[in-house]
Amino acid sequence: MLTISRELVDKIIAHARKDHPDEACGVIAGPVGGDRPERFIPMENAARSPTFYEFDSQEQLRVWREMDDRDEEPVVIYHSHTMTEAYPSRTDVSYANEPNAHYVLVSTRQEDTEEFRSYRILDGSVSEEPVDIVE
Amino acid sequence: MAIEVRIPTILRNYTGGAKVVEGSGSTLGELIKNLDAAHAGIGDRLLDGEEKLRRFVNVYKNDEDVRFLGGLETPVADGDTVTVLPAVAGGSR
């Protein structure tokens, strides 16, 4: 289950809408082992593509080091699909390498909904989980 | 010669759970061979079938991505920190 504040959900959605038609991506950091997303870190999509995203490698180093310094880990890794549903694709699954993270997907293919959904991806296997949005 | 190597969560099963290990070598390529000798199997996660650095694994010498330095030929020395981070990427397909 992903427990996340409404404020953070809105931030993810706003980022996805802003970057549309490119995929948006980012991280929400939280204290190690706490499973609580707290600190919103939107990332640049170095691929700048409507069908692919990739964190810029230097920016990723900076952010990962900062999390380490603050005893945080990536609790949520989010990205948007711009033309397809908010479900992990084959490439999403291949490159999911943070075993403790909740992989959040939104879709900007429709104007009136974002299909905000969350998944665990472990050893190549996807399982969707419920999302509890805390107001 | 001790080079500090920082290991991402997903590769810590090769290092018995260790976040930081030490290695030696005068180039990144040598360092990876040295690491694989001590932590069997880790080499395959960093190098592809043609012995090149995998596309979606980021390796840094101190603060810089080694892709900008010389790839596997990047010189490394005592006191350097090499960090490995799997790239965060994906797409609609």
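Start by selecting strands 3 and 4 of chain B: two bridges join them, and they run antiparallel. Strands here are DSSP E runs of at least two residues and helices are H or I runs of at least four, numbered from the N terminus; two strands pair if DSSP finds at least two bridges between them. Zoom in on B:Lys61, whose bridge partner in strand 4 of chain B is B:Glu64.

A word on what you have open: this is a predicted model, in which local features need pLDDT of at least 70, side-chain atom pairs count only at pLDDT 80 or more, and totals for chains, interfaces and linings use all residues. Residues are numbered from 1 along each chain as its sequence is written, while chains are lettered from A and ligands numbered from 1 in the order in which they are written.

Now widen the selection to the sheet of chain B. Five strands form an open sheet with mixed pairing, in the order 2-1-5-3-4. Strand 2 (20-23) and strand 4 (64-65) of chain B are at the edges with a single partner strand each, so one side of each has no neighbour in the sheet.

Next, show helix 2 (residues 57-69) of chain A, which packs on this sheet and touches strand 3, strand 4 and strand 5 of chain B. Its direction makes about 105 degrees with that of strand 5 of chain B; axes are lines fitted to C-alpha atoms, for helices over the stretch in contact, and angles run from 0 to 180 degrees between N-to-C directions.

For the interface, select the 16 residues of chain B in contact with 25 residues of chain A, where contact means C-beta atoms, placed from the backbone, within 7 Å. On the chain B side, strand 3 (57-61), strand 5 (81-86) and strand 6 (89-91) each supply at least two residues.

Stay with strand 6 of chain B: three bridges join it to strand 4 (residues 52-54) of chain A, and the two run antiparallel. Here A:Glu54 has B:Ala89 as its bridge partner.

Last stop, chain A. Five bridges join strand 2 (residues 25-31) to strand 3 (residues 39-43), running antiparallel, with A:Val27 opposite A:Ile41. Seven bridges join strand 2 of chain A to strand 5 (residues 72-81) of chain A, also antiparallel; look for A:Cys25 opposite A:His79.

Key. Contact = placed C-beta atoms within 7 Å. Buried ≥ 20, exposed ≤ 12 C-beta atoms within 10 Å, placed from the backbone.
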